Amino acid sequence: MVGSYANGHAASGGTAAEEKLDELRRLLGKADGDLLKIVGVGAGAWGSVFCALLQDAYGRHRDKAQVRVWRRPGRPVDRSTAEHLFEVINAREDVLRRLISRCAYLKYVEARLGDRTLYADEILRDGFCLNMIDTPLCPLKVVTNLQEAVWDADIVINGLPSTETREVFGEIGRYWKERISPPVIISLAKGIEASIDPVPRIITPTQMISNATGVPLENILYIGGPNIASEIYNKEYANARICGADKWRKPLAKFLRQPHFIVWDNSDLITHEVMGGLKNIYAIGAGMVAALTNESATSKSVYFSFCTSEMIYITHLLAKEPEKLAGPLLADTYVTLLKGRNAWYGQKLAKGELTLAMGDSIKGKGTIQGVSAVNAFYELLSQGSLSVTHPEAKKPVAPVELCPILKTLYKILIKRELGTDSILQAIRDESMYDPRERIEMSQRQSLYRPSLLGLPQGDT
């Protein structure tokens, strides 16, 4: 970060942060005395950390900027989680002192004893995210009324799962009907929806937001990169890309950049957003492979080579000249396969510690977005109208026929026809060909299908 921050107050480097804040305020047309209002919508792990980073960096400039988070009210914290939270608090002297000074410590004692029920929005105000209890954050300003949170926001951070984005932003769109100028929206969501009628096409979170609110796509950006939320908040070095139209991505990259969180900018919104959804799919399989092979480095490497070739192949269907799988794109894929909630979920399924019947919303982890993404991508790429030429059979096939890992995950997670051990068969099949061939085919053949993004043929 710029300087060393705690609880929203900068110990050093405040001048540089204020200069960046003033620069963005000017760009947004803020007059002296007007607050730059930043609102996070959704309070999962990454959404909470992202807002906490902004609060730490700019929260001390209370006359110029306001950072708030909206989350639904009323979600209780069960007693076992409250007991664990109490242990976390007492293990951190700085957190303990902070709660005592805020006269908030006693309620955590009572919750541990079972004499009081805590709520997720309540603990978030004290700096605790329900999906990331072990990582205390700075205290955040929390609003539980959605209209109050967003109606005059200048910058909105979408921290919702992709499966909830359309619904919540549909409601937000009703509040924004009378707005004169649209806000800037930064989406953290990683996932897609598939629409089959009237033609098979993909709908990304940025498109969902634009469709639901009427905010033009040039005002909606996506940020992605290796982002294990707890590690980033604990100042592990990370880099990311903010993707979208020229107007906003460069100034926002500068505004978001901190010494331990380097943000670059890129114009290829589609590839980055699609890769954000794909990595969650293949991370589930990576977790299964790790568990089934006792963390075999060789098996995990083989899986990595095959799954990344499938990801590259799929992006060539969706973008005319997709960004190469390198830099933050590759790093985001790697870290998600290595350590993330989707990989964790795959491991737990393979070990029998979780079952598919438990659903894809897991206590302490939140939504496992890879499950819905498996269904969406399979449904989309199994459409015969999108046929490609099979490199060996030399006949038209649906694109999914060239994605054996995606097919297998669909049969495991969605159809429930196969056990988790079938993921190993998928990568050990003698008929599998060199991943290089799939990549070369995607580059050599004209795979790009504009209709997959709702565009007419020939439109880029």
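These legends describe close-up views of a predicted model.

**View 1. Helix 12 runs from residue 269 to residue 292.** The helix has 24 residues. From first C-alpha to last it reaches 35 Å, close to the 34 Å expected at 1.5 Å a residue. Of its 24 residues, 22 are buried, so helix 12 is largely enclosed by the rest of the structure. N294, with a positive phi near 55°, follows the helix.

**View 2. Helix 12 packs against helix 17.** The two axes are 10 Å apart and meet at an angle of about 75°. An angle of 65 to 115 degrees counts as roughly perpendicular, and helix 12 and helix 17 are therefore roughly perpendicular to each other. Helix 12 brings I281, Y282, I284, G285 and M288 to the contact. Helix 17 meets them with I405, L406, L409, I412 and L413. By class, the contact holds 9 nonpolar residues, 1 polar residue and no charged residues. Within helix 12, I281, I284, G285 and M288 are among the residues that meet helix 17. An α-helix has 3.6 residues a turn, so residues three or four places apart point the same way.

**View 3. N294 sits in the loop between helix 12 and helix 13.** Helix 13 covers residues 297–318. N294 is not a glycine, yet its phi is positive, at about 55°. Its relative accessibility is 69%, and N294 counts as exposed because the cut-off is over 50%.

**View 4. R416 lies in the loop between helix 17 and helix 18.** Helix 17 spans 404–413 and helix 18 spans 422–428. R416 has a phi near 60°, a positive value in a residue other than glycine. In an unreviewed UniProt entry, residues 268–416 carry the feature "domain: Glycerol-3-phosphate dehydrogenase NAD-dependent C-terminal". That span is 62% helix and 5% strand. Its end C-alpha atoms lie 35 Å apart.

**View 5. Helix 3 and helix 4 pack with their axes 5 Å apart.** Helix 3 takes in residues 79–91, and helix 4 takes in residues 93–101. The packing angle is about 105°. That makes helix 3 roughly perpendicular to helix 4. I89, N90 and A91 form the helix 3 side of the contact. E93, V95, L96 and L99 form the helix 4 side. Sorted by class, this contact has 5 nonpolar, 1 polar and 1 charged residues.

**View 6. Helix 16 covers residues 369–381.** Its 13 residues reach 18 Å from first C-alpha to last, close to the 18 Å expected at 1.5 Å a residue. Ten positions are buried: Q369, G370, V371, A373, V374, A376, F377, Y378, L380 and L381. With 10 of 13 residues buried, helix 16 is largely enclosed by the rest of the structure.

**View 7. I172 is a buried residue of helix 8.** Helix 8 runs over residues 162–175. The relative accessible area of I172 is 0%. Leaving aside neighbours within four places in sequence, I172 is in contact with V41, L146 and V150. A357 is 185 residues away from I172 in sequence. In space, the C-alpha atoms of I172 and A357 are 32 Å apart.

**View 8. A cis peptide bond joins D197 to P198.** Omega for this bond is near 0°. P198 is found in the loop between strand 10 and strand 11. Strand 10 covers 193–195, and strand 11 covers 201–203. UniProt, in an unreviewed entry, lists residues 140–242 as "domain: Glycerol-3-phosphate dehydrogenase NAD-dependent N-terminal". Over residues 140–242 the chain is 32% helix and 26% strand. The end C-alpha atoms of that span are 24 Å apart.

**View 9. P226 is placed in the loop between strand 12 and helix 10.** Strand 12 spans 220–224, and helix 10 spans 229–233. P226 counts as buried, at 15% relative accessibility. Apart from neighbours within four places in sequence, P226 is in contact with I232, A238, N239, P328, A331, D332 and V335. E353 is 127 residues from P226 along the chain. Their C-alpha atoms are separated by 27 Å.

How values were computed
Residues are numbered from 1 along each chain as its sequence is written. This is a predicted model: local features need pLDDT of at least 70, side-chain atom pairs count only at pLDDT 80 or more; totals for chains, interfaces and linings use all residues. Side-chain values use heavy atoms; hydrogens and water are left out. Helices (H or I, at least four residues) and strands (E, at least two) are DSSP runs, numbered from the N terminus. Buried means under 20% relative accessible area, exposed over 50%, partly exposed in between (1.4 Å probe, protein chains only). Axes are lines fitted to C-alpha atoms, for helices over the stretch in contact, and angles run from 0 to 180 degrees between N-to-C directions. Angles under 35 degrees count as roughly parallel, over 145 as roughly antiparallel, 65 to 115 as roughly perpendicular and the rest as oblique. Contact means heavy atoms within 4.5 Å. Ala, Val, Leu, Ile, Met, Phe, Trp, Tyr, Cys and Pro count as nonpolar, Asp, Glu, Lys and Arg as charged, and the others, Gly among them, as polar. UniProt positions are given in the numbering used here, feature names are shortened, and annotations may be inferred rather than shown by experiment. The expected span of a helix is 1.5 Å times one less than its number of residues.
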